[in-house]
Structure formats: C-alpha cells, structure tokens
Amino acid sequence: MTIFNVISLLGGLGFFLYGMSIMGSGLEKLAGSKTEGIIKKLTSSKLKGVLLGAVITALIQSSSGTTVIVIGLVNSGIMMFSQAIGIIMGANIGTTITAQIISLSDLSTDNIFLQLLKPKTLAPAIAIIGAVLYVFLKSPKKRNVGQIMLGFGILFSGMFSMESAVTPLQNEPWFAELFATLQNPILGVLAGALVTGVIQSSAASIGILQALTVTGAITWGNAIPIILGQNIGTCVTGLIASIGASRAAKRVAISHVYFNIMGTVLWLVGIYAVKWTIGLPFMEEAISMNGIANFHTIFNTITTLVFLPFTNLLVKLSEWTIPERAGDEHPELTLVVLDNRLYASPSVAIGQARKGVEQMAEVGRLNMRDAIDLMLNHDAEGIVLAQQREDVIDRLDVSVSNYLVGMTELELSEYESREVTNLLTFVTEFERIGDYAINVVERSDEVLDKDIHFSEAAKNELGILNEAVGEVFDITIAALSHDDLDEAQRVEPLEETVDSICDTLRQRHIQRLKAGVCNIEAGIIFLEVLTNYERISDHCSNIAARLLSELDDEMDPHTLRRSQHAGDMPRYNTLAQHYREKYRIPMADEDHPAC
C-alpha cells in the first residue's frame with residue numbers, strides 16, 4: 001500500500017462524511033417544520049418513542065445527530081427525560097440503515113433491475129439528478145430533494161474510493177496480523193469505540209469497516225467486537241453536547257452510554273459463552289458488507305427490545321448518577337434555556353424562543369401586579385424579588401433577541417420568518433413593560449424616606465387602575481400564548497378604558513392641586529404611576545394589534561387600531577362599553593382627597 005492509497009483513503013473518507021452530512025441536512029430541512037408536532041404526538045409511549053427515534057435517525061443518517069437534537073429538546077424543557085429514553089433506543093436502530101444501503105454493493109445477480117439497485121450504478125445517476133434539482137431549480141423543497149440526492153451520490157463516491165484504496169491491504173501481512181490481534185473481544189470493542197469516538201459517527205465507522213471487507217482480512221470474530229465498540233463510541237457526541245446543559249439533558253447523554261455499554265456486555269457474554277462451549281465455526285470466516293450490516297441491525301434491534309421493558313430502571317440509574325438539586329422557591333427566576341442545537345429544527349427553535357418571550361411576559365405581569373402595593377407598603381423582600389424579576393427580563397431581552405437573530409441565518413419558510421420578526425417585536429414590547437413596572441417599585445424608597453402618605457381614596461383609585469391594566473396584561477398573554485385572536489380583540493377596547501381612567505384621575509389631581517388639598521410630592525408620584533401604567537397598557541395594545549394584523553397582510557397594526565376607534569368593528573364598541581362600566585371610577589370624596 002503506497003502513499004497514494006493513503007491519500008485516496010483519506011479523500012474517500014472525507015467524501016463519505018461530507019455526503020452523509022449534506023444528505024442528512026437536506027432530509028432535516030424537509031422534515032424539520034413538522035418535528036415539534038411529531039415529537040408531541042409520538043412520545044406518549046415507549047414504543048412510539050423508539051419508532052420515532054428510528055425514523056428520525058434513518059432520515060438524518062446519524063444517531064449522534066438524533067441524540068444531540070434530543071439533548072437540546074430535553075435541555076430546553078420541550079421534552080421530558082423519560083420520553084427521551086425511547087427515542088435514544090430507536091436512534092440505535094435507525095442508524096443501521098446506512099450500513100444496509102452500503103451493503104447493496106454486495107448484490108451479485110444477472111437481473112438487470114437488481115443490478116440497477118447496486119450503488120455503483122444507482123449512485124451516479126442519483127447524483128446527476130440531484131445536481132440538476134439543486135443547481136437549476138429555485139423551489140426550496142425541490143432544492144432540498146436535490147441536496148439529499150447529491151449527498152447520496154457523494155457518500156457512495158467516497159465509499160468506492162475507500163474500497164479501491166484499501167484493496168492492496170489484502171496482500172500486507174501486518175494488516176492480517178493487526179486484525180488477528182483484534183480477535184481479543186476487549187481490544188476489538190476498544191478499537192471500535194476509539195475510531196467512532198474520533199470521527200463521531202457510528203455510521204461512518206461502520207462504512208469504513210465495510211470498505212475493509214474487500215481485503216478479505218475481516219472475519220466475523222474480529223468484526224463483531226468492533227461493531228459493538230462502535231455503538232459505544234457514538235455516545236461521545238452526546239456527552240460533548242451535554243456539557244453545560246441541564247441535569248435532565250446530561251441524564252439523556254449518560255443513559256445513551258449505559259444503554260450501549262450494557263447491550264455490548266450482554267452480547268459479548270452471550271456470543272463468547274456459546275463460542276467457548278458449543279463453538280461457532282463461522283467466527284473464523286471472512287465477513288461481507290452484508291454480514292456487517294445485518295449484524296449491526298440485529299444487535300441494535302434485539303438490544304432495544306430486551307431493554308425496552310426496563311427503561312424505568314435506566315431512568316433511575318441515570319438519575320442516581322446525576323442527582324437532582326434543591327429547587328428554587330421562585331421558578332419564574334429560572335431562565336428558559338435557548339439551545340442552539342434546536343436550530344437543526346427551526347420550528348422547534350422558534351417555539352422555544354416563544355417560551356422565552358412568554359416568560360418575559362409572565363415575569364413582567366407579576367411585577368406589574370405587585371408594583372403599586374410594593375410602592376405603598378415598602379416590603380423589602382418583595383422589592384428585592386421584583387428587582388430579581390426585572391433582571392430576568394433584561395437577561396431574556398438579550399438572550400432571546402440574540403437567539404432569534406441567529407435564526408435569521410437559517411433557511412426559514414415565509415411563515416417562520418414572520419414568526420421570528422413578530423417575536424423580536426414582542427421582546428422589545430415586554431422589555432419596556434418590565435421597565436415601567438420597576439419604575440413604580442423603585443419609588444417605594446422615596447415614599448418611605450419622605451414619609452409620603454396616600455389617602456384611602458387614592459389607594460382605591462390606584463387599585464382600580466391596577467385591576468384594569470392587570471386584565472389588559474392577562475388578556476394579552478393569553479392571546480400570545482394560545483394564538484387566540486378572540487382574546488386579542490378584547491385588548492384595545494380595554495386599553496381605551498385604561499386611557500380614560502388615567503385621564504379622569506389626572507383631571508382630578510389638577511383640581512386638587514388648584515384647591516391646595518394635595519401634597520405636591522405625593523401628587524408627583526401619583527402622576528408617575530398613572531403614566532407608567534398607561535404605557536404598560538399601550539404596549540399590550542401594540543402586541544395585540546400585531547397579532548390581529550396577521551389576519552390581513554394589508555392592514556398594519558396602526559391602521560387596525562384607527563379602524564377600531566372609528567367604530568368600524570361592532571364587537572369593539574360593545575366591549576368598550578362593557579369595560580367602561582366595569583372599571584367606572586367612583587366620584588371623588590371631597591373629605592378624602594386622592595393624594
């Protein structure tokens with residue numbers, strides 16, 4: 001074997017890995033928009049999870065890729081750890097598809113139709129068709145199909161190059177001696193795990209082993225331990241992906257390791273117990289590509305079926321290895337995890353970004369609900385909690401925005417692009433709402449230091465304002481979280497009522513100032529509360545109007561609001577009247593001025 005053979009081998013491996021990568025990427029793009037819905041429907045049972053894992057891995061041609069996606073989903077809270085176990089098991093079955101496709105090279109027949117199925121005939125034809133689709137067509141779906149076909153062709157070009165490069169090894173004594181050494185099952189497992197861990201793809205390492213079968217030096221005896229070791233080596237990618245992830249995500253990675261190690265031990269004990277007692281004569285015979293593919297499939301399928309009833313034990317073992325920590329008393333302070341691994345499926349990533357926006361909304365709502373009470377009563381612990389919540393909103397503002405901006409680099413559908421744009425807008429709206437709420441909380445120190453007091457009438461008026469703005473906020477969150485346009489239509493008429501409340505309270509304040517019955521310092525704070533709460537209501541209106549404008553591409557949020565205020569929408573007028581009556585401000589009591 002010469003240096004030119006080595007170069008050809010490495011080049012073939014590069015083509016093989018690249019072909020597998022772009023083929024998997026194309027398949028992901030075709031299936032990606034449906035991934036989240038599929039996951040929710042098909043993880044309700046262990047068996048469904050296994051089937052889902054097998055299908056996804058067969059599509060993207062990588063059990064490591066499936067494991068990384070699952071770790072991202074668990075890390076982000078989209079999927080429970082217990083749901084992920086079945087998918088991980090199924091991924092081991094799905095990854096055997098690549099080896100089965102490669103084994104078609106072993107077809108030996110005079111039948112013209114079967115000969116057409118052989119990769120040496122089929123791969124170039126598929127690559128040519130793929131190139132035409134990818135280069136000359138503009139349809140994203142057709143280009144994705146072309147990418148898949150191109151990847152298929154490149155993958156097999158690499159495979160053929162590797163086969164050609166390693167053929168001279170059949171005449172090298174050292175090569176035969178090397179594989180004779182790997183008859184030791186422990187060394188074989190370690191070799192398989194090491195190679196797979198380095199290239200981080202069990203499908204690729206199996207492909208390399210299949211290419212080496214042309215030398216005739218690979219026997220069943222040294223191939224079986226290597227194949228078992230390759231299944232352990234593929235866990236390296238998941239372990240790396242779990243670094244810095246949540247504890248649940250780390251458990252997914254460690255459960256993959258446990259599953260493959262226990263499966264390997266079970267098979268080693270079984271096979272070599274039979275070999276050393278009854279005997280297995282075929283262990284010394286040369287193995288073919290087809291033999292490697294079939295053993296790989298049988299091993300992963302039977303191991304999954306054996307361990308499927310014991311997934312709860314695997315869950316407990318993983319939880320024992322990575323125990324839980326004490327929980328936080330305020331779960332709203334734990335930020336939603338935005339994992340870049342979810343970019344592999346843009347629809348799932350957008351869903352997770354939406355969770356971040358919804359957390360901003362919920363934390364802002366809690367601060368808005370508490371703000372007036374904290375200002376009036378100066379609860380030190382409550383103020384600290386409010387400041388911690390505001391810090392969460394600020395951090396989410398940065399992290400969610402960056403996460404969404406990162407998605408603009410992906411190939412998104414028109415709907416997904418609109419979703420990203422809307423969410424970026426909502427992030428800004430909720431960040432400003434958080435600022436207005438904390439503005440009110442921060443006046444608490446001044447109220448305490450200056451011993452400022454508000455009359456019962458003032459407290460009652462602020463209480464009515466708090467309830468009205470609180471309802472605006474609740475409706476807005478419901479509309480956003482559930483894409484409920486009926487709820488969104490209720491926001492603007494209630495927001496108009498809030499504006500009316502604030503105008504009424506300002507007029508009364510001016511009258512009290514003229515009459516000299518209002519403390520100036522209390523009055524200034526009173527006006528600031530009105531301004532901040534009115535602006536909170538305005539931002540809720542902006543969010544609802546944007547949601548409603550999605551119904552009509554020609555009507556922007558501002559035009560929509562003008563149409564509502566003009567009385568063009570009957571339901572708007574009915575709701576506006578309802579809210580005016582619900583939040584009617586009582587007449588001021590002259591004996592109890594409002595500040």
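Predicted model: local features only at pLDDT ≥ 70, side-chain atom pairs only at ≥ 80, totals over all residues.
Student: Why is the pairing of Arg-490 with Glu-487 called a salt bridge?

Tutor: Their side chains meet at 2.8 Å, N to O. The cut-off is 4 Å between a side-chain nitrogen of Lys or Arg and a carboxyl oxygen of Asp or Glu, so this pair qualifies. Side chains of opposite charge can pair when their charged atoms come close.

Student: Where do the two residues lie?

Tutor: Both are in helix H23, three residues apart, about one turn of the helix. That helix covers residues 485-515. Arg-490 and Glu-487 are both buried.

Student: What makes the link between Arg-490 and Tyr-579 a polar contact?

Tutor: The side chains are joined at 3.0 Å. The limit for such N or O pairs is 3.5 Å, so the value falls within it. Tyr-579 is also listed among the residues that Arg-490 touches, together with Glu-471, Ile-475, Arg-571 and Leu-575, leaving out residues up to four places away in sequence. As for Arg-571, its C-alpha atom is 8.8 Å from that of Arg-490, although 81 residues separate them along the chain.

Student: How do you know that Lys-450 and Glu-521 form a salt bridge?

Tutor: The N to O distance is 3.8 Å, and the cut-off is 4 Å, so the pair counts. Glu-521 lies in helix H24 (residues 520-549) and Lys-450 in the loop between helix H21 (444-449) and helix H22 (456-482), so the bridge ties together parts that are 71 residues apart in sequence. Lys-450 has another salt bridge, to Glu-446, with the closest N and O atoms 3.2 Å apart.

Student: Why are Lys-450 and Glu-521 called partly exposed?

Tutor: Lys-450 has a relative accessible area of 42%, and Glu-521 has 34%. Buried means under 20% and exposed means over 50%, so both values fall in between.

Student: How many salt bridges does the structure hold?

Tutor: There are 20.

Student: What makes a set of residues a nonpolar core, and which one is the largest here?

Tutor: The members are buried residues of nonpolar kinds, Phe and Met included, joined through side-chain atoms within 4.5 Å. The largest such core has 100 residues, and Met-407, Phe-430, Phe-454 and Tyr-533 have the most contacts inside it. Helix H18 (residues 346-377) gives the most to this core, with 13 residues. Apart from this core lies another of 22 residues, including Ile-224 and Met-283.

Student: Which residues does Phe-430 contact?

Tutor: Beyond its neighbours within four places in sequence, the contacts of Phe-430 include Val-357, Met-360, Phe-473 and Ile-543.

Conventions: Residues numbered from 1 in each chain as written. Heavy atoms only, no water. Helix = DSSP H or I, 4+ residues; strand = E, 2+ residues; numbered from the N terminus. Contact = heavy atoms within 4.5 Å. Polar contact = N/O pair within 3.5 Å; in protein donor to acceptor, adjacent residues only side chain to side chain. Buried < 20%, exposed > 50% of the residue type's maximum accessible area, 1.4 Å probe, protein only.
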